[in-house]
Amino acid sequence: MDIYITDLIDTSTLQKIQDSFSHMTGMASLTTDADGNPVTVGSHFTDYCQKYTRQSAIGCERCKSCDRHGAVTVLQTGMPCSYICHSGLVDFAAPIIANGQLIGCFIGGQVLTQPLSREQIRHTAEELNIPFEEYWNALQQVPVYPQEKVDSAAHFLYTMSEVLSNMAYSKYEALRASHEIELASNMKSDFLASMSHEIRTPMNAVLGMAEMAMREDLPPAARNYISQIKSSGKILLNIINDILDFSKIESGKMDIIPVEYNILSVCDDVANIIETRLKDKRVELLMSIQPDIPKILYGDSIRVRQILINIANNAAKFTQKGKIDIFIDKETIDNDNILLRFTVTDTGCGIKEKDLAKIFDSFQQVDSKRNRSAEGTGLGLAICQKLLKLMNGNIRVTSEYEKGSTFTVTIPQRIVDPSPVIYVEDLEHCIALGYFRNRYLARHFFSCTKRLNLFSIAMTAPDRIDWGLQAYARECAGKKLFLFTDEKLVDEDLLAIPETHPEITIVELTGFFSDKKTKNSKWRCIRKPLSEQNIAMALSGTQLQVIGEESDSDDFDFIAPDARILIVDDNAINLTVTEGLLKPLHMKITSVTSGIEAIDLIEDHSFDLIFMDHMMPELDGIETTRIIRRFHPQYDKIPIIALTANAMDDMKKIFLQEGMNDFVAKPIEVRTLIQKVRKWLPKEQIIPCRTVINMDAKEDVSKNTDTISIEGLDTDAARNLLGNDDLFRTVLKEYYRTIPERAKRIGQLKQQGDISAYTIEVHTLKSTSRQIGAAKLADLAAQLEQAGNRNDLDMIRKYTDELLEMYTGYSHILAPYCEEQTPDAPKISFDKNAVLTLLNEMADAVSDLDIDRMEELQQALSSYDFGDVSAPLFRQLDEAIQRIDVDTCENILTQWKLLLC
């Protein structure tokens with residue numbers, strides 16, 4: 001354990017002790033580290049020493065040597081002593097020791113016991129290259145003391161150094177104990193992480209094989225057995241993930257990564273997961289979202305989502321009938337911050353009062369005898385509590401045994417866009433009729449409409465509609481009428497309403513797993529859970545209209561065909577994205593992949609606007625901007641806009657200080673990019689046009705019958721981000737093309753320990769992965785980028801393999817969408833003996849790890865028509881070869897050969 005003096009005694013304490021010594025003795029003093037480097041400001045220093053001797057490079061080094069020599073001498077003799085320094089003054093020193101190790105020196109003196117000769121000072125001045133007369137005059141100010149007084153001061157300083165050594169040793173013992181605790185914690189965390197990974201790998205195989213088996217034509221009993229295997233496997237994986245999260249938090253390696261997000265996306269994810277858990281239960285999930293929650297918040301959306309899912313999952317686990325009510329609202333802190341609040345109420349088994357104190361303990365599950373069938377580690381609530389502590393949040397619980405529980409979570413979040421998250425245009429001209437017999441749904445419906453400020457009327461049956469409309473004739477006059485009802489209540493009477501009451505639009509609330517779709521503009525379907533969000537969607541038509549989506553459409557009604565744009569980015573995917581987003585503006589775009597190329601290019605060409613990537617090898621965006629601003633005065637007034645995934649406030653200030661004019665955050669939002677172009681291009685180059693360029697792709701995507709759905713990708717978010725499907729496909733192909741090269745480079749940089757280049761690579765991977773909707777991969781890359789920035793080698797070593805496994809896995813996933821499709825060659829009829837020969841040769845190639853031969857044999861196998869029996873094994877073998885998973889290859893080959901024999 002390396003020890004440094006200021007780690008054990010703070011500088012202010014050393015300075016105070018040193019100043020007191022000089023005040024009492026009238027002599028100079030200084031504290032240094034073990035190498036003689038000052039750690040305090042010299043007290044009562046003479047000009048002879050401070051102004052002249054130590055200002056000389058040679059003199060300063062000689063002073064350090066003298067200080068070390070004096071301290072070591074005292075350490076060896078165990079007695080205080082004085083000595084003559086190289087410049088002729090009397091000094092004395094004493095060691096500061098911790099655990100037997102010299103960590104610093106306490107130095108005093110800078111006095112004389114007898115005057116020095118002019119010749120002696122002249123000689124020293126010449127050696128140190130100091131003007132003699134000035135040096136000599138400074139010497140006259142040095143005090144002359146009797147030897148006895150010097151010896152007394154040396155004894156006093158020795159005593160003070162012993163006090164400092166005792167202070168240092170006490171702090172050292174505390175630090176060593178803390179270090180040992182940290183090592184033990186890291187060992188535990190490393191063990192848990194390693195074991196989690198080792199367990200997860202075969203469990204993924206178990207789940208994959210179970211999924212494949214479920215697609216086969218199986219007897220009912222076998223299908224049930226495999227379904228149980230799959231279900232149990234998922235539970236085990238959840239337990240492993242809980243343990244891994246807990247170990248990260250315990251070891252202090254859980255990072256909170258704030259981003260801008262919309263709370264509705266969190267609500268959608270939670271609803272999807274919890275509705276799946278409630279599929280076979282008589283439990284109604286109800287969700288409420290306060291409409292005036294700010295549209296865009298700034299916080300760690302992943303951890304917010306995890307906390308809400310954990311608590312709602314607990315409610316689903318312990319509730320067998322009744323309801324689970326999730327309510328999301330807020331409390332205003334100030335103009336820029338809110339307290340986001342989640343309240344989860346259930347009608348489950350409840351918690352005994354004596355057990356309430358235990359529920360947040362690790363590996364605890366209260367009332368375990370009654371709840372022994374409920375899966376889990378007992379870590380979920382403990383993890384929630386620890387995550388909330390990291391985010392300055394809080395969690396509370398109230399419960400009544402056998403009746404249910406209420407968990408309340410509060411988390412401070414910063415406001416980015418204060419517009420209400422849910423907004424319905426022309427709401428005052430709408431009236432909602434509610435026809436529900438489920439008491440939970442009925443109450444919830446009217447609570448939701450009240451929060452939306454939507455006038456609503458209760459209906460007890462379809463034949464009471466006429467009565468209801470007559471009773472509220474004044475309120476209903478000239479209004480749009482919407483009848484909300486449960487799909488279980490749709491009968492002949494209800495189906496006849498559109499004919500008898502054409503002014504009414506029916507809104508049918510369907511089950512979460514229902515495949516019913518909106519029939520027409522007068523009969524709409526919304527899926528459970530019922531919430532303000534989907535009520536608003538029903539009122540506005542096909543999708544929720546949120547404030548601000550249409551308000552800035554005027555920004556897109558222009559082209560700039562004469563504008564010359566330079567885009568600088570070391571990543572080809574980012575270049576493709578930016579070019580594609582700017583294409584509708586018909587600008588002249590030039591792209592380069594490095595700062596050096598950009599500098600070379602601007603010497604011979606002129607541009608009206610430059611988009612500059614931040615993190616690039618060789619010259620980053622800031623360095624490139626400095627060079628442009630300093631050496632190319634013709635670009636003094638040309639706007640340079642940073643393209644960056646680091647949009648924190650401190651980075652924004654740095655960009656502006658270094659000569660950039662603005663920034664665009666990655667992943668790039670099409671609207672933001674267009675707005676920046678409009679803002680910074682010369683006004684004479686912007687040509688208004690009557691045809692509005694539609695950058696809001698939501699409508700186009702909804703009409704596109706050939707939309708893409710890809711495993712592991714949020715393709716809807718990616719297409720909305722990029723603006724259209726064509727650009728998404730282009731970006732996807734470029735992403736796919738670069739996977740092998742980038743994955744190899746990241747692995748090599750990790751092995752070489754080139755953390756700076758490694759950080760740039762994972763930064764780029766983070767950005768491009770977000771661009772295609774690979775959120776999980778992007779999040780892991782972001783964490784490793786942060787690890788690189790703080791030089792956290794342990795985290796980089798620990799998680800890079802996981803990152804590369806996830807990243808290279810997309811090669812197989814994306815291949816069907818990105819490789820050029822060629823007509824399949826006719827398949828060869830199945831020949832058992834020929835296939836067995838190929839399998840035996842494959843076994844030899846796998847044993848020798850001959851990758852080229854394995855691929856050749858796989859190509860040969862692909863020419864056969866395997867039918868329904870061997871086809872799954874061929875696909876599994878192909879996947880294992882792509883991953884170079886030798887163990888899986890051997891297992892599949894053994895299984896396949898046994899099947900054929």
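What is the mean pLDDT of the chain, and what percentage of its residues reach 70 or more? The mean is 81, and 82% of the residues reach 70 or more, where pLDDT is the predictor's confidence in each residue, from 0 to 100.

This is a predicted model, in which local features need pLDDT of at least 70 and side-chain atom pairs count only at pLDDT 80 or more, while totals for chains, interfaces and linings use all residues. Residues are numbered from 1 along each chain as its sequence is written, and side-chain values use heavy atoms, with hydrogens and water left out.

**Confidence along the chain**

Helices (H or I, at least four residues) and strands (E, at least two) are DSSP runs, numbered from the N terminus. Confidence is highest in strand E9 (residues 337-346), at a mean of 95, and lowest in helix H23 (residues 698-703), at 35.

| Stretch | pLDDT | Contacts in the model |
|---|---|---|
| Residues 368-377 | below 50 | 23, beyond near neighbours in sequence |
| Residues 690-706 | under 50 | 31, beyond four places in sequence |

Where pLDDT is low, the predicted coordinates should not be read in detail.

**Nonpolar cores**

A nonpolar core is a set of buried Ala, Val, Leu, Ile, Met, Phe, Trp, Tyr and Cys residues joined through side-chain atoms within 4.5 Å; buried means under 20% relative accessible area, exposed over 50%, and partly exposed in between (1.4 Å probe, protein chains only). The largest core has 70 residues, and Ile263, Ile326 and Phe484 have the most contacts inside it. Helix H10 (residues 301-317) supplies the largest share of this core, eight residues. Leaving aside residues up to four places away in sequence, Phe484 touches several residues, including Phe436, Phe445, Val507 and Ile526. A second, separate core of 56 residues includes Leu585, Leu609, Ile641 and Ile746.

**A parallel sheet and its helices**

Five strands form an open sheet in the order E19-E18-E20-E21-E22, with parallel pairing; two strands pair if DSSP finds at least two bridges between them. Strands E19 (588-592) and E22 (662-665) are the edges, each pairing on one side only. Strand E20 (residues 609-613) and strand E21 (residues 640-644) pair over four bridges, and Asp613 stands opposite Leu643 in E21.

Helix H19 (residues 595-604) packs on the sheet and touches strands E18 (564-568) and E19; the direction of H19 makes about 155° with that of E18. Helix H20 (residues 621-631) lies across E20 and E21, at about 145° to E20. For these angles, axes are lines fitted to C-alpha atoms, for helices over the stretch in contact, and angles run from 0 to 180 degrees between N-to-C directions.

Terms used. Contact = heavy atoms within 4.5 Å.
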